[in-house]
Amino acid sequence: MLFKQQALLRQKLFVLGSLAIGSLLYLVARVGSLDRLQPICPIDGRFRPHGQDEIPLRTLQFKRGLLHEFRKGNATKEQIRLHNLVQQLPKAIIIGVRKGGTRALLEMLNLHPAVVKASQEIHFFDNDENYAKGIEWYRKKMPFSYPHQITIEKSPAYFITEEVPERIYKMNSSIKLLIIVREPTTRAISDYTQVLEGKERKNKTYYKFEKLAIDPNTCEVNTKYKAVRTSIYTKHLERWLKYFPIEQFHIVDGDRLITEPLPELQLVEKFLNLPPRISQYNLYFNATRGFYCLRFNIVFNKCLAGSKGRIHPEVDSSVITKLRKFFHPFNQKFYQITGRTFNWP
């Protein structure tokens, strides 16, 4: 009899234990499934227009499911209306620069619950064929969002394309513009490295960086080489300043974003008039990848694509010295115009 009672007691304890573990796992999954519009980063009344309700909470399942259907065009108008979602023109654009860290900046800003990013580069303002399709075509390329959120897109070719400043001005003369820069010589080599990798994938040969960056006839810096021209930041910025005051630009330190991203992101939050929501919790260093990855909640993490952080080829030190000497006066003028100084050689 005693043996049966003990066996029955063990069975009851096993059932209760299983229920407790099941409940705990459910709670963990439930908390983990909440989208980043939930407790990690609630939006307070400073950001919402007075008298409007809280932004509805979404789960990851909803984000990946229903919003995916919206993007594919499969959602009904009634579904869109019920969820109060819209496709908004961007209130801020990351306009450049190429290989400065535009993708990293966009993904990191997407940690903020009031920010919604366009997944792909739209190339609306720098592509004549796309621009001819009109502003409504551009709007329909934007992600669905709540009216209180800010849509941001990034196309680094905008910064160096002559027609873009006027075109963006005609869309929204008060738009906020983000420029992320790296040390000019490093950026030029990174630019070259990306092109080189593309050539190698196609089994094509390509010139060494030194041969492209230095004019063989004059032995001076080759300003016709696009990677060099792009790094003359002040020349491009001066064209933008014909349409927008400097107060509508924010310069992000791309080198610092790699090593110490949070202070840079906090500066952007302030520039965009967003309540501070991105914290150190949302960023963790991945030693294998060698840079910071993103944490939206306890189960949803994200690292940038493996193509980021390419190893640069070795470049002749005399060429690097020549390039840095060439960029120096342009850098000084860039500091003066923007009011931000960098520790560039």
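Which residues of helix 13 (residues 261-271) are buried? They are Pro261, Leu262, Glu264, Leu265, Val268, Glu269 and Phe271. Here, buried means under 20% relative accessible area, exposed means over 50%, and partly exposed lies in between, using a 1.4 Å probe and protein chains only. Helices (H or I, at least four residues) and strands (E, at least two) are DSSP runs, numbered from the N terminus.

Before going further, a word on the model. It is a predicted one, where local features need pLDDT of at least 70 and side-chain atom pairs count only at pLDDT 80 or more, while totals for chains, interfaces and linings use all residues. Residues are numbered from 1 along each chain as its sequence is written, and side-chain values use heavy atoms, with hydrogens and water left out.

Back to helix 13. Its buried residues pack against helix 4, strand 6 (176-181), strand 7 (249-253), helix 12 (254-259), strand 8 (283-286) and strand 9; contact means heavy atoms within 4.5 Å.

Now step back to the whole chain. There are 14 helices and 10 strands, and 45% of the 345 residues count as buried. Among contacts with a separation of 6 or more, 72% come from residues 24 or more positions apart. The chain exposes about 18900 Å², of which carbon and sulfur atoms supply 55%; accessible areas come from the Shrake-Rupley method with a 1.4 Å probe, and for residues only the protein chains shown count as cover.

Side chains of opposite charge can pair when their charged atoms come close. The structure holds 15 salt bridges, each being a side-chain nitrogen of Lys or Arg within 4 Å of a carboxyl oxygen of Asp or Glu. One of them joins arginine 98 and aspartate 191, at 2.8 Å from N to O. This pair links distant parts of the chain, 93 residues apart: arginine 98 sits in the loop between strand 2 (92-96) and helix 4 (102-109), and aspartate 191 in helix 8 (residues 184-201). Arginine 98 is partly exposed at 29% relative accessibility, whereas aspartate 191 is buried at 6%.

Glutamate 107 is buried at 4% relative accessibility, and arginine 103 is buried at 17%.

Another salt bridge, at 3.7 Å from N to O, brings together the side chains of glutamate 260 and arginine 256. Both count as partly exposed, glutamate 260 with 42% relative accessible area and arginine 256 with 27%. Elsewhere, salt bridges that share partners join Arg103, Glu107, Lys117 and Lys302 into one network.

Our last stop is a pair of helices. The axes of helix 11 (residues 233-240) and helix 14 (residues 317-338) come within 8 Å and cross at roughly 35°. Those axes are lines fitted to C-alpha atoms, for helices over the stretch in contact, and angles run from 0 to 180 degrees between N-to-C directions. Helix 11 contributes Tyr233, Thr234, Lys235, Leu237 and Glu238 to the contact, and helix 14 contributes Phe330, Lys333, Phe334, Ile337 and Thr338.
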